[in-house]
Each structure stands twice: as structure tokens, then as C-alpha cells.
Amino acid sequence: MNRALSIRSRKKDDHAKEASKHTFSISTLRGMHQAELSKKLFKLIKTENHCIEAYETAGRERLSIASQLSDWGEATTDDAVSDISDKIGVIMSEIGEQEDLFAQNLEDYRAILKQIRNIEASVQPSRDQKVKISDEIQKLKYKEPSSPKLVTLEQELVRAEAQNLVAEAQLTNITRQKIKEAYDLHFAATIERAEKQIILAKYGRRLLNLLDDTPVVPGDVRQPFAQAGEARQVLADAEQELQRWEPHLEPIHSNAGGLGANLMPMDDRSTRATSEAPDPIATPVPTEKPAAEAQGTHLEQATA
């Protein structure tokens, strides 16, 4: 496979990203029908979606800026400025790719928050049912204190309270587990993006040192640019360091390993009213993306 030697040798539309995968939806109407318990998290997830779109846009714009920088450098007819601006464009393109990778990781974090929201929505009916039966009992006691229906309603209330007790336990179990999972992923992605962009910025600064900015007087002729090989090596070094990058994160400890399929502990404590437990909501597994496919593309093409 032939790889480009610089950012200029690729067509501009190579940098164009696919249209945002967040298509139009009636999310506002869906929000109106959200259970009261899940409305706040629904709003947070929706707002996070806008934030992710902003990162995706920033990545696309960074690629466009990199291409424009390279084109401008070529138009200066200054060999040194032309070569250095082209190499900086490669670095900037890779920085833009890191924004896109970060947005993908945030999508996985957002998917975990949705799991909490779904459990919240499933708990709301049991709360509502318990309140409804309690209200009916109070009304009946006021109107017909000796009504035989009171016994039936009180039995229904006991069952509703038992079901709600299980549902509330499931909610707190999944909330604590998933909030740690979600923000573990979020902060790990933030660290990855920051550290990789630091690497790229460091090599971008090295490129700047190859450009001689000694002033000249009218009539002087600048020496031919002799650092093209060094500039190319800077990109090669940047690519190698980016590929060698590994996360060094403080581990997030969890005791949720004993959580069963019904979102209850897998021990003697889970025997309380588990027969009343509703089926847990299936939770999607975040999509893992190979790191090699998400980084180094522009550097590889520029140094091949």
C-alpha cells in the first residue's frame, strides 16, 4: 500500500469525516414521557450527547485547519516554511484524530449512564403503585372504615412494598456500580487524550526549532533548507512514542463482583423477597475500538 509522504499529497476530502451519527430524533418528546425518577439523568445524557458532538466537530475542524496550514505554507514559496508547515499539519491532524477517539470513548461512558437511567425508569412504576394503593386505603378508611375491601388493599400494599423494596435495592446496587464504571472510563479517556496530545505537541515544538528565523536584509539570499531529513525524523519519533504509549492509571476498586444477574448480592442476604424481583434490564456492552486503528494514521502516512 502506497502511503503519502506529506499532508498535501492527500486530497482534501480525505480529511472529511462522515456526517455525525447523532441523527435527528424526537428526544424532546421522549423526555416529556420519561419517568419522574429518570428525568434528571435523561437530561444529563442528552446534554452529554451535545458535548460529544462538539468534540467530533472539533476533530473535523482540526483536520481542516491542518490542511489549510499546509496549503498556506506551500503558497509562501519559502522552502523551509513550506516543509515545516506541512509537517506541523501532520501533527495537527493527529491531534484532531485524538479528539475523535475521545468522542468515541465518551459514547461508551454515555452508554453506561443509560443503564442507570433504564433501571431508574423501571423502578418508578413500583413506587407509583405503592403510593396509589396507600392513597386508596386512606380514602377508603375515611369513607368506609369497615369496608371488607380494606383487607384486600392492605394485602396488595404488603406485596407492593415488597416489590418496591427489591426494586430500590436493585437501583442502588446498579447505580453505585455503574457510576464508578462510567466515570472510570470517562477519566481514563481524558487522561489518554491529554497524554497523547502532549506527546504530539512536544514533537510539534521540536519542528519549530528546525526553522531558522534569523532576520535578513534586502538582497540577502537564505540558505537552502537542509533540515528536511530531521523534520521527517521528528514525525517518525512522534509516531513511535505514540505507539508505545500505555495507560498508567490508579485502579478503581470495586466490590460489585458479587452482584448477581438479578442485580442482588449472590449470598444469603439476597434471599429476602427475591422472588418478587423484576427481571433486570439487559445492559449493552460498550464497544471496544482497537487503539491501533484510532491513532497514528497521519504520522504513519507522513513517515512511510
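A residue is called buried when its relative accessible area is under 20%, exposed when over 50%, and partly exposed in between (1.4 Å probe, protein chains only). By this cut-off E107 counts as buried, at 15% relative accessibility.

The structure is a predicted model, in which local features need pLDDT of at least 70, side-chain atom pairs count only at pLDDT 80 or more, and totals for chains, interfaces and linings use all residues. Residues are numbered from 1 along each chain as its sequence is written, and side-chain values use heavy atoms, with hydrogens and water left out.

The protein has seven helices and zero strands. Helices (H or I, at least four residues) and strands (E, at least two) are DSSP runs, numbered from the N terminus. Of the 304 residues, 38% are buried. Contact means heavy atoms within 4.5 Å. Among contacts between residues at least 6 apart in sequence, 82% join residues at least 24 apart.

A nonpolar core is a set of buried Ala, Val, Leu, Ile, Met, Phe, Trp, Tyr and Cys residues joined through side-chain atoms within 4.5 Å. The largest such core holds 19 residues, and I91, L207 and L299 touch the most other members. Helices α3 (79-143), α4 (149-208) and α5 (228-244) each give two or more residues to this core. The largest share, six residues, comes from α3. Beyond its neighbours within four places in sequence, I91 is in contact with L200, Y203, G204, L207, L235, A238 and L299. A second, separate core has twelve residues, including I45, L113, I116 and A182.

S70 lies in helix α2 (residues 39-75). The residue is buried, with a relative accessible area of 1%. S70 and S82 are twelve residues apart in sequence, and their C-alpha atoms are 7.1 Å apart in space.

Side chains of opposite charge can pair when their charged atoms come close. A salt bridge is a side-chain nitrogen of Lys or Arg within 4 Å of a carboxyl oxygen of Asp or Glu. The count by this rule is eight. In helix α3, D83 and K87 are four residues apart, about one turn of the helix. Their side chains form a salt bridge (3.1 Å, N to O). D83 is buried at 17%, and K87 is buried at 6%. E107 and R110 also form a salt bridge (3.5 Å, N to O). These two lie three residues apart in α3, so about one helical turn separates them. R110 is buried at 11% relative accessibility. In helix α4, E192 and K196 are four residues apart. Their salt bridge spans 2.6 Å, N to O. E192 is buried at 15%, and K196 is buried at 1%.
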